[in-house]
Amino acid sequence: FSVSTVRRALSDLPDVNPETRRQVKEVAERLNYRKNFLASGLVKNRTHMLGVLIPDLELTYFPSVIMGLEEAANRLNYRLLLLHSRYQLDKLLDGLRTLASYRVDGILLSPVPGEHQAEILQTINEIEPPCVFIDEFFPDSDVCHVSTDDRQGMAQAMDYLVNLGHR
């Protein structure tokens, strides 16, 4: 079979004879063939990987965020590449560049809080994958973000408890 036929058969494209597809997959299984996602990403310019850059793995908040991200990503056939900045600016900036060098399709990050906004935004503008802030964000930037409204959440919790008769 030609390289093109094998590629199409392994990708389950519809223009392959079912018997040819069966034979190709049988040989691939026997040879323990595994798709090279890095090579595929170079050809298609899409890796189906998302970078996640968080400051702390020990806080109970971030593991649950990661589990939710992974569940959503898996449903869309994406995988996560996780890095940990340990609340250090140099690790965060290096992490952004590292994830970009892995050609992830997007980066979700919780930026280091503090006075380093300009450096973080400059690095985000220098790299190619789109970024989304998780939890922490910079109100004056145009970077998309997902966060909670702690005041609103607390107000809803208090209303709930009061409506149950707790005072």
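Visitor: At what angle do helix 5 and helix 6 pack, and how far apart are their axes?
Guide: In this predicted model, helix 5, residues 89–101, packs against helix 6, residues 117–126, at an angle of about 10°. Their axes lie 10 Å apart.

Visitor: Is that arrangement roughly parallel or roughly perpendicular?
Guide: Helix 5 is roughly parallel to helix 6, because of that angle.

Visitor: Which residues make the contact?
Guide: Helix 5 contributes Leu89, Leu92, Leu93, Leu96 and Arg97. From helix 6 come Glu119, Ile120, Thr123, Ile124 and Glu126.

Visitor: And how do the residues of that contact divide?
Guide: The contact of helix 5 with helix 6 has 6 nonpolar residues, 1 polar residue and 3 charged residues.

Visitor: Turning to helix 1 and helix 2, at what angle do they cross?
Guide: The axes of helix 1 and helix 2, the latter covering residues 18–30, cross at roughly 90° and come within 9 Å. Helix 1 is therefore roughly perpendicular to helix 2.

Visitor: Which residues are in contact there?
Guide: On helix 1 they are Thr5, Val6, Arg8, Ala9 and Leu10, and on helix 2 they are Thr20, Arg21, Val24, Lys25 and Ala28. By class, this contact of helix 1 with helix 2 comprises 5 nonpolar, 2 polar and 3 charged residues.

Visitor: A change of topic: what is the volume of the largest pocket?
Guide: The volume of the largest pocket is about 410 Å³. Its lining has 13 residues, and those closest to the centre are Arg7, Leu10, Ser11, Tyr33 and Lys35.

Visitor: What about the second largest pocket, which residues line it?
Guide: That pocket has a volume of about 320 Å³. Its lining consists of Lys35, Phe37, Leu38, Ser40, Gly41, Lys44, Arg46, Thr47, His48, Met49, Asn77 and Arg79.

Visitor: Which helix gives the most to it?
Guide: Helix 3 gives the most to the lining of the second largest pocket, namely 5 residues. The classes in this lining are 3 nonpolar, 5 polar and 4 charged.

Visitor: Now the whole chain: how many helices and strands are there?
Guide: The protein chain contains 7 helices and 5 strands. Along the sequence they follow the pattern α-α-α-β-α-β-α-β-α-β-β-α.

Visitor: What radius of gyration does the chain have?
Guide: The protein chain has a radius of gyration of 22 Å, whereas a compact globule of 167 residues would have one near 15 Å.

Visitor: And what does the C-alpha trace span along its principal axes?
Guide: The C-alpha trace of the protein chain spans about 70 × 45 × 25 Å along those axes.

Key:
Residues numbered from 1 in each chain as written. Predicted model: local features only at pLDDT ≥ 70, side-chain atom pairs only at ≥ 80, totals over all residues. Heavy atoms only, no water. 1 Å grid on protein atoms, 1.4 Å probe; cavity = no way out; pocket = protein on both sides within 12 Å on 5 of 7 lines; lining within 4 Å. Points joined across faces, edges and corners; volume = space filled by probe spheres on them. Helix = DSSP H or I, 4+ residues; strand = E, 2+ residues; numbered from the N terminus. Nonpolar A, V, L, I, M, F, W, Y, C, P; charged D, E, K, R; others polar. Axes fitted to C-alpha atoms, helices over the stretch in contact; angles between N-to-C directions. Parallel < 35°, antiparallel > 145°, perpendicular 65-115°, else oblique. Contact = heavy atoms within 4.5 Å. Rg over C-alpha atoms; globule rule 2.2 N^0.38 Å.
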